[in-house]
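Subject: Structure for your review

Dear colleague,

Please find the structure below, followed by an account of what was found in it. I would be grateful if you could read the two side by side.

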2 protein chains.
Amino acid sequence: MMITGEHFIAGERSKAGTQQFASHNPRTRHDGQTQFAEATAGEIERCVTAAQSAYAITRHMPAAQLADFLDQVVEEIMALGDELLQITDEETALGIPRLTGERARTTGQLTQFAGLLREGAYVEAIIDTAQPDRQPAPRPSIRRMLQPIGPVAVFSASNFPYAFATAGGDTASAWAAGCPVIVKGHPAHPMTSEYFAHAINRAIEKTGFPAGFFSLIQGSSVAVGQTLITNPGIAAVGFTGSLTAGRAIYDAAAARPTPIPVYAEMGSVNPVVILPGALAARSADLVEGLVGSVTMGTGQFCTNPGIVFMMDDDATAGFIDGVVEKMRETQPGVLLNPQIQQGLSKAVSATAARQGVENLLGGHELDTPACGYAHTVLKTRSDFFRADHALHQEHFGPVTLFVLCESADDLLLTLNALEGNLTATIHAETDEIEAAGALLGILREKVGRLIWNGFPTGVEVVYAMQHGGPYPATTAPATTSVGMTAIKRFMRPVAYQNMPDALLPDALKDANPLGIWRTVDNALTRQPLDG
Amino acid sequence: MMITGEHFIAGERSKAGTQQFASHNPRTRHDGQTQFAEATAGEIERCVTAAQSAYAITRHMPAAQLADFLDQVVEEIMALGDELLQITDEETALGIPRLTGERARTTGQLTQFAGLLREGAYVEAIIDTAQPDRQPAPRPSIRRMLQPIGPVAVFSASNFPYAFATAGGDTASAWAAGCPVIVKGHPAHPMTSEYFAHAINRAIEKTGFPAGFFSLIQGSSVAVGQTLITNPGIAAVGFTGSLTAGRAIYDAAAARPTPIPVYAEMGSVNPVVILPGALAARSADLVEGLVGSVTMGTGQFCTNPGIVFMMDDDATAGFIDGVVEKMRETQPGVLLNPQIQQGLSKAVSATAARQGVENLLGGHELDTPACGYAHTVLKTRSDFFRADHALHQEHFGPVTLFVLCESADDLLLTLNALEGNLTATIHAETDEIEAAGALLGILREKVGRLIWNGFPTGVEVVYAMQHGGPYPATTAPATTSVGMTAIKRFMRPVAYQNMPDALLPDALKDANPLGIWRTVDNALTRQPLDG
């Protein structure tokens with residue numbers, strides 16, 4: 001496929017802007033040949049207008065038709081072939097095996113949403129039937145279901161060029177809801193975005209979907225994103241990225257004359273607690289598992305285990321030595337881009353300079369042509385950690401910080417000082433269940449996902465997944481950006497009172513023509529209503 | 001009961017502030033004898049600290065125990081006797097029959113939430129079982145449910161001193177979720193708030209609940225509310241009231257270092273469309289129904305039908321004459337307080353002065369000792385309405401505005417110009433179903449509830465109710481403040497990965513000890529897990 005550096009605006013290519021940027025190879029630090037343009041205000045306006053026109057059609061579409069579209073997108077992504085993997089590897093250095101897996105996750109996600117749509121219960125149909133004889137006044141029939149919210153702006157993440165990007169989880173769940181999507185491509189992988197846009201446009205053409213159901217705008221400036229989300233035609237925002245960028249988007253959306261929801265997933269330090277019994281029972285496995293989780297993907301996961309809490313004793317000292325040794329032996333990867341390298345370098349230097357922090361390994365950029373950072377291990381004490389909020393910050397890369405506690409009570413107190421996180425993990429043995437329960441009681445208030453004897457990296461795309469958590473992990477702790485319930489972010493309930501059957505959506509009709517599960521007069525059923 | 005003018009801070013009475021205000025009788029315009037104090041910053045801090053302590057207990061409580069508390073609150077409210085109705089009538093002029101009905105709705109709401117808790121499916125348990133043999137890596141077990149969000153601040157509304165106040169829908173749904181509540185009482189009915197606080201405290205004592213599960217602070221200043229919601233210990237806000245106040249609270253909460261959700265229901269113009277066939281078939285009934293809905297409760301409902309869209313023809317002219325005549329004949333009620341009277345007076349005068357607006361009836365305060373406003377009918381044309389955003393504003397009182405349209409297309413165009421609303425209503429006959437369908441397609445995007453051949457006042461407390469809608473009707477269109485799903489506002493999902501059964505909440509345990517409906521591997525079931 002020929003890369004042109006153009007935006008895809010409702011099926012039409014466009015490149016009106018004069019400000020440009022290039023793709024960048026983090027292994028060679030060379031720019032690619034194609035120049036990508038920053039989207040202009042006029043181009044963004046055209047995307048939104050087209051999305052609104054598309055929405056007038058797609059908001060009435062049967063779920064099965066939306067499901068067919070998702071299936072077609074999967075087909076077109078696969079039709080891009082392994083050329084896609086090569087292109088993405090060039091601009092992300094994530095490597096072919098990881099990208100192959102991520103592509104499977106991305107297409108699997110679309111397929112799962114198609115399944116959710118065909119099953120149909122996701123609209124949460126609730127019917128309270130009329131009670132014409134109720135005194136003092138008859139009770140009307142009230143029927144409620146979820147319906148789409150409107151055009152959605154999605155910001156691609158740098159660290160998942162497929163799964164949290166152009167046709168990633170935010171886009172898939174918004175489409176599944178019936179919402180058109182305008183993707184702001186991440187400037188760290190513009191070629192990949194263009195490949196995906198090409199595939200998506202083919203799916204739109206083949207299924208006869210309205211062209212404005214998808215647009216891609218490229219840009220490396222803050223202005224492009226701000227112009228998009230402050231457009232009155234945008235109804236919601238999906239974002240995965242840094243706290244700084246996410247908060248800026250949240251603030252801009254909240255300050256609109258008509259505020260809109262922002263579903264920003266902004267990363268996390270993902271506390272891991274290792275209790276003494278677990279350490280005694282399986283120290284070598286824990287070294288292996290922790291180092292694997294910290295260094296996987298060059299540490300560039302939202303679920304990277306950034307802080308490890310342990311007891312301050314000899315066993316822990318030996319364990320940390322083991323982790324340092326294993327981290328030292330492990331071949332460092334390449335970081336996604338120079339911005340991440342600079343940000344990581346600055347963040348680690350700042351932490352290492354705080355009172356009470358020891359730098360046990362790394363703590364510097366690698367002396368290689370590629371964007372790299374040494375595997376880094378830091379250590380501090382619980383009292384320093386509690387007293388210094390600077391130690392709670394995320395280091396986005398292959399870095400972990402050990403926090404050593406004096407006692408079980410000290411550990412509880414220290415965990416209580418944590419902010420919101422995506423995950424928390426406990427390693428414990430069977431005879432430590434009681435102690436672990438007390439820790440879970442505290443951690444439950446801080447996170448979206450609690451993990452037992454595992455590691456936080458690796459987010460399963462299942463119905464029950466909760467990839468979210470209290471601020472600053474996200475701006476919307478009641479929602480998830482991974483898993484099937486992610487669709488709820490882009491829907492809102494509408495109730496119908498005494499509406500004739502002919503005017504009700506299929507999900508709410510007497511006969512239950514979709515055969516879906518509904519809550520009728522407080523009981524779940526797939527039966528039609530009586531006569 | 002003796003009214004003292006004190007706050008109820010976690011079971012203790014307090015009155016530290018020096019700034020005071022009195023209850024006011026809108027019929028006589030006389031102040032009551034008791035002085036109520038503005039809550040101080042110190043008092044507010046004590047409420048929040050107590051709420052956090054209570055939350056550490058209530059967040060682990062079985063749903064059945066929370067249900068017992070709600071039942072006890074009902075008992076204690078009824079034990080206040082009809083003295084409560086007298087007191088509230090004195091400070092609101094709503095009348096004993098209406099207040100008797102509202103009390104029944106309020107206790108019924110609490111009872112229904114108790115039922116929801118005992119049924120148990122509201123936690124939305126979802127279980128995806130482990131797949132130990134999956135390649136390339138085993139799939140962990142992931143189980144997810146809703147859990148409480150933390151201490152909640154609730155702002156009482158003036159127009160529903162029971163149902164949207166101290167033990168109203170926001171409080172009931174937050175309690176049901178397991179969240180402690182701090183109520184900011186409305187200054188227009190401080191005696192009523194004190195009565196309720198007394199009853200709630202008795203329920204807390206009798207059930208042995210932690211005292212901080214409820215506090216009441218009184219106040220008439222903006223500062224009291226702002227101090228409350230910017231306290232870092234508050235996790236969410238429920239509010240019913242004006243757009244100005246609701247937006248100020250939303251803005252303050254969004255600007256916090258840790259932003260929190262604000263569920264503000266801020267009123268609405270509740271468009272009503274009357275199609276020609278309906279008018280021809282049942283003009284007299286429509287006059288009766290519309291006037292009843294506009295003047296009920298002196299027009300002080302969020303669901304008051306503020307704007308009526310009709311065709312500009314002779315039949316409509318006759319209908320409007322009928323409405324004017326009926327409104328003139330109907331005895332005006334008393335408004336809740338002088339602030340509402342002044343606000344209404346200002347809003348109607350502003351609208352009546354806009355280009356193209358005719359004042360057909362009323363448009364002035366009543367020349368009586370009581371707080372009153374004349375029944376008012378305004379009229380304009382669709383082109384004026386579309387061109388002038390000032391005509392879209394709510395008049396909180398017994399006022400309605402007719403907007404006359406030239407054609408079916410003109411009507412569609414005009415409805416499309418509406419902002420977010422709580423409700424929209426269509427009156428049509430069977431042979432107008434197709435035209436009505438086109439209108440519904442537009443109105444569905446604007447509102448939370450669509451009503452067929454009825455009137456928007458009267459909000460049923462049922463599972464399927466959606467009392468919400470796009471901004472400016474609310475700040476959170478994906479939620480409702482009435483009906484059983486209101487509980488979701490105060491919960492957030494938490495996922496458990498590979499967690500031992502002993503550490504799982506009952507709702508997620510293998511044996512399903514609560515016997516609730518759960519989604520297990522994508523299928524709804526009440527069965528325990530195999531093996």
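In chain A, 58% of the 531 residues count as buried, meaning that 20 or more other C-beta atoms lie within 10 Å of the residue's own, with C-beta atoms placed from the backbone (12 or fewer is exposed, anything in between partly exposed). The model is a predicted one: local features need pLDDT of at least 70 and side-chain atom pairs count only at pLDDT 80 or more, whereas totals for chains, interfaces and linings use all residues. Residues are numbered from 1 along each chain as its sequence is written, while chains are lettered from A and ligands numbered from 1 in the order in which they are written.

Overall form of chain A.

Strands of both chains form an open sheet of 12 strands with mixed pairing, in the order β14(A)-β15(A)-β16(A)-β13(A)-β12(A)-β17(A)-β18(A)-β19(B)-β6(B)-β5(B)-β20(B)-β21(B); two strands pair if DSSP finds at least two bridges between them. β14 (358-361) of chain A and β21 (523-525) of chain B stand at the edges, each with a single partner strand, so one side of each has no neighbour in the sheet.

The contact between the chains. Chain A and chain B each bring 51 residues to the contact, where two residues are in contact if their C-beta atoms, placed from the backbone, lie within 7 Å. On the side of chain B that touches chain A, β19(B) gives the most, with six residues. Strand β19 (residues 491-497) of chain A, for its part, pairs with β18(B) in the parallel sense over three bridges, and A:Gln497 stands opposite B:Ile451 there.

Domains. Chain A is divided into domain 1 (38-119 + 144-266 + 479-484) and domain 2 (272-452), with bounds from an automatic or database domain assignment. Their C-alpha centres lie 32 Å apart, and each domain supplies eight residues to the contact between them.

With kind regards

Methods:
Helix = DSSP H or I, 4+ residues; strand = E, 2+ residues; numbered from the N terminus.
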